[in-house]
Amino acid sequence: MPKNLLTLDQLSLDEVNDLLSKAQYYRDGGFVPNLQGKIACNLFFESSTRTQYSFQVAEERLGMRVISFDPEVSSLNKQETFYDTVKAFDSFGVDALVIRHKQNEYYKELEGKIDAAILNGGDGTGNHPTQSLLDLLTIKQEFGRFEGLKVAIIGDVTHSRVAHTNYDIMRKLGMEVVVSGPDFYMDKGYVTENFEKAITTSDVVMLLRIQFERDATLGDMTKEQYHERYGLNAHNVSKLKDNAIIMHPAPVNRGYEISDEVMECDKSRIFKQMQNGVYVRMAALARSLDID
């Protein structure tokens, strides 16, 4: 039976670590299963570059056939519902459905009614399991462990499914996690820290994009003021711990949370995260299709 991957909460820590080990095995050149004859359908109802196309690369490296759904030219324009759209592709007999949707927990409408494996490519401001897995893989590669590390997540936490998923799983894995940024971007119950302390005491500094498409604003700040108070530039990078790394789930709003000179500085692992995304998604697909 196919195994859905909807949230990381559904996995034990052993299962999380097994997925990371499998992704690293693929990255190191280990044997890749041949899923020729299997069909994956990527249904992205929200815009995406990294998640959608790294899933496609992962699927093709596994030998799968790939269908890429385009909502702009679909029967959604004829008032077809989300459920009926997904059910149509499931009825075609595809093996895996990778879905992103603006609605939190969209998958609850589908559970128990879909035969294909469902992999969550992001639901609203809720969950982004494969992004968190690739973040964890990047951290594991750098430090060789999770226990005892400190992670600062900085920026628009309220609207970030990446922040919400990472905050929980990283704490379960033994990391200290703090959030920082303007008060109106912070979630209740999260451990907050001022920006200066967060960046100077953390092993991982993870920046977040301001999600203007979800009605996020800068409050009374200008772009320049936001960058000065909460962004990383060369001056701020000089304050980071010697072994600290910089991460970002992307897309990046250059000049807001990060400056051009920091994007590919020695401490940045932003593009390494993107590379790891392919291998994590290969591992997630193999798990969901019950392939060793």
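Reader: What follows α4, and is its phi positive or negative?
Author: Gly 144 follows α4, with a positive phi near 75°. Helices here are DSSP runs of H or I, at least four residues, and strands are runs of E, at least two, numbered from the N terminus. This is a predicted model: local features need pLDDT of at least 70, side-chain atom pairs need 80 or more, and totals for chains, interfaces and linings use all residues. Residues count from 1 along each chain as its sequence is written, and side-chain values use heavy atoms, without hydrogens or water.

Reader: How many residues of α4 are buried?
Author: Twelve of the 15, so α4 is largely enclosed by the rest of the structure. Buried means under 20% relative accessible area, with a 1.4 Å probe and protein chains only. Among them are Pro 129, Leu 136, Ile 139 and Phe 143.

Reader: At what angle do α4 and α10 pack?
Author: About 115°, with axes 8 Å apart. Axes are lines fitted to C-alpha atoms over the stretch in contact, and angles run from 0 to 180 degrees between N-to-C directions.

Reader: Which residues make that contact?
Author: From α4, they include Leu 133, Leu 137 and Gln 141; from α10, they include Asn 276, Val 280 and Ala 284. Contact means heavy atoms within 4.5 Å.

Reader: Switching to α2. Which elements do its buried residues pack against?
Author: Strands β1, β2, β3 and β4, plus α4 and α10. Phe 55 and Ala 58 are among the buried residues of α2.

Reader: And what comes just after α2?
Author: Gly 63, with a positive phi of about 85°.

How values were computed. Buried < 20%, exposed > 50% of the residue type's maximum accessible area, 1.4 Å probe, protein only.
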